[in-house]
Amino acid sequence: MSDVENWRQWRTRREAKLREPHGTLALIGTHWLDEEPAPIVEGEPVLWSAGPSGKTVVVTAKAEHGLVFRGEPIDGTVTLRPDIDEHPDTVFAPDYDILLVPIEREGSAALRVYDPTAETLRAFDGIEAFDYDPSWAVPAKFTPYDGPRVEKVLNADGVVRGLGLDGTVEFELEDGRHSFAAELTAAAGLWIVFADPTTAASKPFFRFLTTSAPAADTGILTLDFNRAYLPPCAFTDHFVCPVPPKGNTLETPVRAGELAVKAR
């Protein structure tokens with residue numbers, strides 16, 4: 001299969017995943033929780049709170065409220081593991097087809113609500129993207145740091161949080177040599193947050209890029225900007241996305257990858 005056909009299939013899979021009933025486009029709210037139990041919507045009988053140190057989410061409900069956890073109605077108080085846990089929990093409200101996902105960020109717990117009737121999902125009409133250009137698949141080299149680092153960066157919700165970084169990726173464009181700070185993924189690939197002039201006037205003004213694993217002996221990999229993709233906060237305001245760390249903004253326009261969300 002050719003590189004361009006691989007790219008087309010990647011784009012098709014990406015848009016299909018975005019359109020899933022409880023996918024990115026279905027997020028209608030992220031509710032940050034306190035330790036004091038309270039409803040996420042005023043007047044609702046179900047109570048939510050952050051567990052000790054914000055590492056878990058606690059829900060109190062009666063069976064008649066219609067929440068299901070691990071296949072059984074919730075009737076009492078249940079502690080839920082967040083998204084960053086090795087075995088995260090979710091809660092489902094089948095009467096409304098709503099998925100409730102607990103998350104945790106730096107000791108703060110929240111509840112995300114996914115609704116397949118969300119306006120963002122109904123209005124979605126695809127992603128504007130550049131045509132595939134093989135010249136934007138550039139050779140690169142990853143050099144790990146001596147140990148993981150954390151850089152404080154602004155997030156899309158206006159809060160400064162730590163961004164884990166594991167090394168640098170060096171590559172060359174027409175205007176010279178560049179370097180990005182990158183994070184290792186669970187699959188041993190790299191995840192990069194970067195900005196360039198093509199996104200300067202858009203919201204958000206940055207994109208993500210994920211690569212395959214660098215060669216174990218040399219650190220060599222391909223940085224394929226054709227697969228640069230919009231972060232979740234481009235599709236709905238309820239996501240928390242980090243802006244690029246220092247040094248990850250290019251002066252050269254990257255005319256490759258995703259550019260903007262199209263809406264009906």
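Modeller: Helices (H or I, at least four residues) and strands (E, at least two) are DSSP runs, numbered from the N terminus. Please keep in mind that this is a predicted model, in which local features need pLDDT of at least 70 and side-chain atom pairs count only at pLDDT 80 or more, while totals for chains, interfaces and linings use all residues. Residues are numbered from 1 along each chain as its sequence is written, and side-chain values use heavy atoms, with hydrogens and water left out.

Let's start with the sheet of three strands. It is open, its order is β2-β3-β6, and the pairing is antiparallel. The edges are taken by β2 (47-50) and β6 (76-80); each has a single partner strand, so one side of each is left without a neighbour in the sheet. From one strand to the next, the twist averages 20°; such angles run from 0 to 180 degrees between N-to-C directions, with axes taken as lines fitted to C-alpha atoms. Five bridges join β3 (residues 57-61) to β6 in the antiparallel sense, and Val 58 has Thr 79 of β6 as its bridge partner.

Next comes the sheet of six strands. This one is also open, with antiparallel pairing and the order β15-β14-β13-β12-β11-β16. Here β15 and β16 (220-224) are at the edges, and each has a single partner strand, so one side of each has no neighbour in the sheet. Direction ignored, neighbouring strands of this sheet are turned by 45° against each other on average.

Most residues other than glycine have a negative phi, and most peptide bonds are trans. Pro 204, in the loop between β14 and β15 (207-211), is joined to Lys 203 by a cis peptide bond with omega near -5°. Ala 188, in the loop between β13 (176-184) and β14, has a positive phi near 75°. Ala 188 is partly exposed at 39% relative accessibility, where buried means under 20% relative accessible area, exposed over 50% and partly exposed in between (1.4 Å probe, protein chains only).

Now to β9. Six of its seven residues are buried, so β9 is largely enclosed by the rest of the structure. It pairs in the antiparallel sense with β1 (residues 27-32) over five bridges, where Thr 30 stands opposite Arg 112. It also pairs in the antiparallel sense with β8, over seven bridges, where Arg 105 faces Ser 108. β8 and β9 make a hairpin with two residues between them, and Glu 106 in that turn has a positive phi of about 50°.

The largest one has 34 residues, and Tyr 114, Phe 206, Phe 208 and Phe 235 have the most contacts inside it. Elements giving two or more residues to this core include α1 (3-18), β8 (98-105), β9 (108-114) and β11 (137-154). Tyr 114 touches, among others, His 22, Leu 27, Asp 97 and Phe 239, leaving aside residues up to four places away in sequence; contact means heavy atoms within 4.5 Å. A second, separate core of 20 residues includes Val 169, Leu 223, Ala 228 and Ala 256.

Aromatic rings complete the picture. Rings of Phe, Tyr and Trp (its six-membered ring) pair if their centres lie within 6.5 Å; planes under 30 degrees apart count as stacked, over 60 as edge-to-face and the rest as tilted. The count comes to 12 aromatic pairs. In one of them, Trp 7 and Tyr 132 have ring centres 5.7 Å apart and planes at 50°, so the pair is tilted. Trp 7 is in helix α1 and Tyr 132 in the loop between β10 and β11, so the pair ties together parts 125 residues apart in sequence. Trp 7 is buried at 8% relative accessible area, and Tyr 132 is buried at 18%.

Methods: Pairing = 2+ DSSP bridges. Core = buried A, V, L, I, M, F, W, Y, C linked by side-chain atoms within 4.5 Å.
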